[in-house]
Amino acid sequence: MPFTERRRAHRFELQSPVIIRWRDGAEVHEALTVSEDISSNGLYFILPEGIKNGTPVEVEMTLPNQITLAGPVRVRCLGHIQRCEPEEDAKTGMAAAIERYEFLPGRDETSSEKDSSSKSNG
């Protein structure tokens with residue numbers, strides 16, 4: 001069956017750090033990865049293991065000036081996994097649909113300058 005393009009919004013080929021959070025039963029997961037592309041309706045990213053289609057996700061990222069045209073803006077997006085695609089290197093590409101988002105105050109928590117000591121306490 002041939003691939004049919006269904007995107008409704010312009011995609012930016014943007015490699016930007018993102019934090020993905022989701023639940024698997026009672027267990028809460030969090031992963032830091034890099035986006036492959038982003039649009040107003042969703043984003044595509046790769047993780048070592050897939051997340052089941054339909055799973056609600058929270059995505060936190062900083063949108064750069066090239067998208068906002070007004071300087072970097074931190075956002076938290078709520079949505080769900082729309083598609084899971086196994087990659088050749090045993091990783092999984094995932095498309096997440098964004099249903100709503102909110103702007104976040106403060107510094108970029110996805111940057112490499114994040115204080116790693118907060119993760120080691122616990």
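Start at Ala90, which is exposed at 65% relative accessibility. The model is predicted. Ala90 sits in the loop between E5 and strand E6 (92–103). Check its backbone: phi is positive, about 65 degrees, although Ala90 is not a glycine. Most residues other than glycine have a negative phi.

Next, select Leu69. Where is Leu69? Look in the loop between helix H1 (65–68) and strand E5 (73–86). Leu69 also has a positive phi, near 60 degrees, and is not a glycine. Is Leu69 buried or exposed? Its relative accessible area is 70%, and the cut-off for exposed is over 50%, so Leu69 counts as exposed.

Now colour the surface by charge. Select Glu36, Glu87, Glu88 and Asp89 together: these residues form a negative surface patch. Pick out Glu36 from the group. Glu36 belongs to strand E2 (residues 27–38). Its relative accessible area is 32%. That value falls between the limits of 20% and 50%, so Glu36 is partly exposed.

Last stop: Ser16. Find Ser16 in the segment before strand E1 (17–24). Relative accessibility here is 7%. Buried means under 20%, so Ser16 counts as buried. Which residues does Ser16 touch, leaving out those up to four places away in sequence? Show Thr33, Val34, Ser35 and Thr62: these are the contacts of Ser16 on that count.

Conventions
Residues are numbered from 1 along each chain as its sequence is written. This is a predicted model: local features need pLDDT of at least 70, side-chain atom pairs count only at pLDDT 80 or more; totals for chains, interfaces and linings use all residues. Side-chain values use heavy atoms; hydrogens and water are left out. Helices (H or I, at least four residues) and strands (E, at least two) are DSSP runs, numbered from the N terminus. Buried means under 20% relative accessible area, exposed over 50%, partly exposed in between (1.4 Å probe, protein chains only). Patches are made of residues with over 30% relative accessible area and no salt bridge: like charges are joined within 9 Å, nonpolar side chains (Val, Leu, Ile, Met, Phe, Trp, Tyr) within 5 Å. Accessible areas come from the Shrake-Rupley method with a 1.4 Å probe; for residues, only the protein chains shown count as cover. A salt bridge is a side-chain nitrogen of Lys or Arg within 4 Å of a carboxyl oxygen of Asp or Glu. Lys and Arg count as positive and Asp and Glu as negative; His and the chain ends are not counted. The place of a charge is taken as NZ of Lys, CZ of Arg, CG of Asp or CD of Glu. Contact means heavy atoms within 4.5 Å.
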